[in-house]
Amino acid sequence: MKIKLLLLLCIASLGLASCKKDTYIQDTPNRTIILTIQPNQWVIANEGRTITTDLEIPEIDQFNVDVEGILVYLDHPVNENGYIALPYTYSGNSYSFEHFNGGIAIDIQRSEFSTQNPGRPTVPIRVKVVLIPSVDIT
């Protein structure tokens, strides 16, 4: 009887000792979209003071706009193997972006007060859009 009780106690101890609580955190990764803007996609606006293009990105929904983060990069103007984050200024042109449900708009304007208008890009430009997940804690 003692052997059976001891055996039962050992089995129970092993069963209780092997139980542990595992916490699994499901982390949603960032999403990256890479597009190319062709020279004919740029539109002159604001009497020539702004050059703009709208890019349709269905992955950007209202939750991205309201809560999550959106980063935009363009081909680096000097280092063709890299990107540069918007907004930035290069050779007197200021590059910026606006995001909305369904896409982004990229604007080019002159960075200083001058009568000179920005020039329309003449080569294709790669765009990298990074959607960063976030949780609203307010």
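Student: How many helices and strands are there in the chain?

Tutor: In this predicted model, the chain has two helices and nine strands. Going from the N terminus, the elements follow the order α-β-β-β-α-β-β-β-β-β-β.

Student: What makes strand S1 and strand S9 a pair?

Tutor: Pairing calls for at least two bridges between the strands. Seven bridges join S1 (residues 31-37) to S9 (residues 125-132), so they count as a pair, and they run antiparallel. Within this pairing, Ile34 stands opposite Lys128 in S9.

Student: Which strand pairs with S9 over six bridges?

Tutor: That is S4 (residues 69-75), again in the antiparallel sense. Here Val72 has Val129 of S9 as its bridge partner.

Student: Why is one side of S2 and of S6 left without a neighbour in the sheet?

Tutor: Let's start with the sheet itself, an open one of five strands in the order S2-S3-S8-S7-S6, with antiparallel pairing. S2 (43-45) and S6 (88-90) stand at its edges with a single partner strand each, so one side of each has no neighbour there. On average, neighbouring strands of this sheet are turned by 30° against each other, direction ignored.

Student: How do you know that S7 and S8 pair?

Tutor: The cut-off is at least two bridges, and S7 (residues 93-100) and S8 (residues 103-110) have eight, so they qualify as an antiparallel pair.

Student: What share of the chain counts as buried?

Tutor: Buried means under 20% relative accessible area, and 26% of the 138 residues count as buried.

Methods:
Residues are numbered from 1 along each chain as its sequence is written. This is a predicted model: local features need pLDDT of at least 70, side-chain atom pairs count only at pLDDT 80 or more; totals for chains, interfaces and linings use all residues. Side-chain values use heavy atoms; hydrogens and water are left out. Helices (H or I, at least four residues) and strands (E, at least two) are DSSP runs, numbered from the N terminus. Axes are lines fitted to C-alpha atoms, for helices over the stretch in contact, and angles run from 0 to 180 degrees between N-to-C directions. Buried means under 20% relative accessible area, exposed over 50%, partly exposed in between (1.4 Å probe, protein chains only).
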